[in-house]
Amino acid sequence: NGSNGGPATSLVTDKIFELSKEIKKYKITKEIPEFNTKTPGCYKFGGMDIEVVDAVGKYAAKMMKIFDFEPIKKLVGRKDFSMVYDSMHGVAGPFARKVFGDILGMDVKEVCMNSIPKED
């Protein structure tokens, strides 16, 4: 993504593609990391430092800086308002559940359709 949270521009993706053609080798480890990838924190694995982040929490914090959620909360709380957000079992599901459920107070069982990601 770009610095504004939107999709990366074609300039960025074209550059990444060009750089990817320069990769001469890569290594795959047979070791299994001994840390939970769902628990934020800093870990060591092999010779690497790995930081696991709460992407959903960081996204929600960013959205709360960008949008004024109080008027949105008033809108979605009205009796004459209804909506459904279909995450199509993709990675956006947990983000939608956080925003619509935790921040806006909506019932995620009614609003967030297919919000549990499935493997490809």
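Analyst: Let's start with S115, which touches S87, G93, P94 and R97, leaving aside residues up to four places away in sequence. Contact here means heavy atoms within 4.5 Å. Please keep in mind that this is a predicted model, in which local features need pLDDT of at least 70 and side-chain atom pairs count only at pLDDT 80 or more, while totals for chains, interfaces and linings use all residues. Residues are numbered from 1 along each chain as its sequence is written, and side-chain values use heavy atoms, with hydrogens and water left out.

User: What makes the pairing of the S115 and R97 side chains a polar contact?

Analyst: The two side chains come to 2.8 Å. A polar contact is a pair of N or O atoms within 3.5 Å; within protein, one must be able to donate a hydrogen and the other to accept it, and residues adjacent in sequence count only if both atoms are side-chain atoms. The side chain of S115 also reaches the backbone oxygen of C112, at 3.4 Å.

User: Which residues does S87 touch, and how do you know whether S87 is buried or exposed?

Analyst: S87 touches A92, G93, A96, M113, N114 and S115, again not counting residues up to four places away in sequence. At 7% relative accessibility, S87 counts as buried. S87 lies in the loop between β3 (85-86) and α4 (93-103).

User: What stands out about the phi of M88?

Analyst: M88 has a positive phi of about 50° although it is not a glycine. M88 is in the loop between β3 and α4, and M88 is called exposed because its relative accessible area is 67%. N114 also has a positive phi of about 50° without being a glycine. N114 is partly exposed, at 28% relative accessible area, and lies in the segment after β4. G105, which follows α4, has a positive phi near 75°.

User: Which residues of α4 are buried, and what covers them?

Analyst: The buried ones are G93, A96, V99, F100, G101 and I103. Their cover includes α2, α3, β3, α5 and β4.

User: What makes a group of residues a nonpolar core, and how many residues does the largest one have?

Analyst: A nonpolar core is a set of buried Ala, Val, Leu, Ile, Met, Phe, Trp, Tyr and Cys residues joined through side-chain atoms within 4.5 Å. The largest has 13 residues, and those with the most contacts inside it are F69, V99, F100, L104, M106 and C112. At least two residues of this core come from each of α2 (55-66), α3 (69-76), α4 and α5 (108-111). The largest share, four residues, is from α4. F69 touches M63, M64, V99, I103 and L104, not counting residues up to four places away in sequence.

User: How do you know that D102 and K98 form a salt bridge?

Analyst: Their side chains meet at 3.6 Å, N to O, and a salt bridge is a side-chain nitrogen of Lys or Arg within 4 Å of a carboxyl oxygen of Asp or Glu. Both residues lie in helix α4, four residues apart, about one turn of the helix. D102 is exposed, with a relative accessible area of 58%, whereas K98 is partly exposed at 28%.

User: How many salt bridges does the structure hold?

Analyst: Four. Among them, R78 and D80 meet at 2.8 Å, N to O, and K21 pairs with E18, their closest N and O atoms being 3.3 Å apart. R78 is partly exposed because its relative accessible area is 44%, and D80 is exposed because its value is 61%.

User: Why does Y26 count as exposed?

Analyst: Y26 counts as exposed because its relative accessibility is 68%. Y26 is found in the loop between α1 (10-20) and β1 (41-45).

Definitions and conventions: Buried < 20%, exposed > 50% of the residue type's maximum accessible area, 1.4 Å probe, protein only.
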